[in-house]
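This report describes selected structural features of one protein model.

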Amino acid sequence: MTTRRLMSSAAVAALTLSAAGAAQAENLTLCWAAWDPANALVELSKEFEAQSGHSMSFEFVPWPNFADRMLNELNSGGQLCDLLIGDSQWIGGGAENGHYVKLNDFFDREGISMDDFAPATVYAYSTWPKGAPNYYALPAMGDANGWFYRKDWFARPEIREAFKAEHGRELAEPTSQRELMEIARFFQGREIDGQTRYGVSIFTERGSEGITMGATGALYAWGFKYENTPGSYDMAGAVNSPEAVEALEFYKELYQCCTPPGYTNAYMEQSLDAFKSGQVAMAMNWFAFFPGLYADPDTGGEHIDFFVNPPQNVPASTLGGQGISVVAYSEKQDAALEYIKWFAQPEVQAKWWALGGYSAHNSVLNDPGFPDSQPFAADFLKAMENVQDFWQEPAYASLLLAMQKRLHDYVVADQGTAQEALDMLIEDWTEVFEDEGKL
């Protein structure tokens with residue numbers, strides 16, 4: 001498409017939005033988590049304000065408090081949020097409890113096709129029941145859990161020689177979970193530039209979702225499944241399979257062997273801090289943070305590189321990301337729908353990526369120049385091909401708290417065995433699903 005045609009379509013969209021907004025200018029409140037992509041969205045939304053005549057306010061809540069704050073708002077029928085970028089796991093509850101406006105008729109009326117978005121994001125962020133053509137959100141922020149490492153350390157001749165002498169292969173990005181642990185062990189306690197370094201920073205936090213989002217990176221890579229048959233809630237033999245047990249044992253070993261001292265309750269912020277302060281050679285975190293990491297003056301640029309979650313038995317990454325929904329309790333739903341129509345435009349999606357957001361629109365992701373547009377873009381595409389998500393059931397919060405407890409008790413508190421932890425998790429989840437009338 002030529003630049004002139006892009007400008008022309010944008011101009012038409014602007015006129016349409018302006019005409020709609022002229023009827024009644026509203027102040028819309030968009031709710032999301034407080035992190036770098038939210039700041040990018042504020043900048044992007046200035047264009048919507050200029051075109052529509054509406055004004056935007058934002059309610060951004062720190063990640064540790066985000067779920068409690070927003071789910072309480074929804075469950076109380078609150079009118080704080082007109083638009084909500086809610087976690088993928090909330091879509092079931094948002095649909096079944098009537099928190100989110102169903103968008104099918106709006107999409108049909110406005111010519112918005114879900115075929116224009118990456119299938120994994122439509123499935124995870126928009127649909128309920130899963131995979132059904134019932135849409136309660138527009139994919140807004142593609143994301144997955146990935147990895148980054150000290151490229152400058154990996155390149156040092158003396159470090160490379162020492163690694164090859166120890167392992168008989170070149171020091172490079174790991175191609176399996178086992179290789180990742182070998183590299184982490186190699187760096188653990190190693191002195192570099194007069195300082196003691198550590199192997200890896202991973203997620204161990206218990207209070208919200210941290211250890212689950214971290215450990216599933218290993219579990220999925222070993223082939224973990226929540227059910228034997230999708231939709232059956234038949235968990236025995238899937239959740240506690242031999243592969244799942246082995247993966248959980250691996251994650252505990254990685255925690256015990258190769259993390260910084262006192263790393264018992266770490267999530268996004270602690271992982272970033274450990275890397276930026278020079279403590280660790282490798283770290284896991286969400287792709288959403290990678291633009292900021294690359295821009296860091298001390299550990300970004302030539303010092304850093306990125307890789308997708310390594311496979312073990314299968315390629316897999318833990319899904320992050322969110323869809324944007326219109327809150328059913330809003331009295332400004334028409335204006336909120338205007339925002340979604342504007343945000344869905346390919347030109348806006350391209351700007352969203354350029355500002356540091358992660359577009360899920362095929363026109364952005366399939367652009368020939370996308371893989372080279374950022375040093376982490378190609379890894380992001382690869383990760384999104386094999387993402388897996390946590391339960392998206394309306395009772396997701398209870399399901400998540402149970403997994404948080406069982407994983408943290410085993411991995412960090414060193415209680416029991418992996419087999420026992422997963423067996424007890426099935427008991428916990430069975431009780432939740434029985435209370436929900438699903439079993």
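The sections below treat the basis of the model, its strands and backbone, its salt bridges and its surface charge.

## Basis of the model

The model is predicted, so local features are reported at a pLDDT of at least 70 and side-chain atom pairs only at pLDDT 80 or more, while totals for chains, interfaces and linings use all residues. Residues are numbered from 1 along each chain as its sequence is written, and side-chain values rest on heavy atoms, with hydrogens and water left out.

Helices (H or I, at least four residues) and strands (E, at least two) are DSSP runs numbered from the N terminus. For residues, buried means under 20% relative accessible area, exposed means over 50%, and partly exposed lies in between (1.4 Å probe, protein chains only). Accessible areas come from the Shrake-Rupley method with a 1.4 Å probe, and for residues only the protein chains shown count as cover.

## Strands E1 and E2

Strand E1 spans residues 27-33; because 6 of its 7 residues are buried, E1 is largely enclosed by the rest of the structure. Its partner is strand E2 (residues 55-61), which runs parallel to E1 and is joined to it by 7 bridges. Two strands are taken to pair if DSSP finds at least two bridges between them. Within this pairing, threonine 29 stands opposite serine 57 in E2. In a regular strand the side chains alternate between the two faces of the sheet.

Serine 52 belongs to helix H2 (residues 36-52). This residue counts as buried, because its relative accessibility is 1%. The C-alpha atom of serine 52 is separated by 8.2 Å from that of glutamate 338, although the two residues are 286 residues apart along the chain.

## Backbone features in loops

Tryptophan 128 and proline 129 are joined by a cis peptide bond with omega of about -10°. Proline 129 is in the loop between helix H6 (119-125) and strand E4 (138-141).

Two aspartates have positive phi values. Aspartate 193, with phi near 55°, is in the loop between strand E6 (191-192) and strand E7 (195-196). Its relative accessibility is 54%, so aspartate 193 counts as exposed. Aspartate 414 has a phi of about 60° and is placed in the loop between helix H18 (396-411) and H19. At 48% relative accessibility, aspartate 414 counts as partly exposed.

## Salt bridges

A salt bridge is a side-chain nitrogen of Lys or Arg within 4 Å of a carboxyl oxygen of Asp or Glu. By this rule the model contains 17 salt bridges. One of them joins glutamate 73 and arginine 69, with an N to O distance of 3.4 Å. These two residues are separated by about one helical turn, because they are 4 residues apart in helix H3 (residues 63-75). Glutamate 73 is buried at 12% relative accessibility, whereas arginine 69 is partly exposed at 33%.

Arginine 178 and glutamate 246 form another salt bridge, with their closest N and O atoms 3.6 Å apart. This pair links distant parts of the chain, 68 residues apart: arginine 178 lies in helix H9 (residues 177-187) and glutamate 246 in helix H11 (residues 242-258). Arginine 178 is partly exposed, at 34% relative accessible area, and glutamate 246 is also partly exposed, at 36%.

Arginine 406 and aspartate 428 meet in a salt bridge of 2.7 Å, N to O. Arginine 406 is in helix H18 and aspartate 428 in helix H19, so the pair ties together parts that are 22 residues apart in sequence. Arginine 406 is buried at 16% relative accessibility, and aspartate 428 is buried at 19%.

## Negative surface patch

Glu96, Glu431, Glu434, Asp435 and Glu436 gather in a patch of negative charge on the surface. Patches are made of residues with over 30% relative accessible area and no salt bridge; like charges are joined within 9 Å, and nonpolar side chains (Val, Leu, Ile, Met, Phe, Trp, Tyr) within 5 Å. Asp and Glu count as negative and Lys and Arg as positive, while His and the chain ends are not counted. The place of a charge is taken as NZ of Lys, CZ of Arg, CG of Asp or CD of Glu.

Helix H19 (residues 418-435) supplies the largest share of the patch, 3 residues. Glutamate 434 is located in H19, and it counts as partly exposed because its relative accessibility is 47%.
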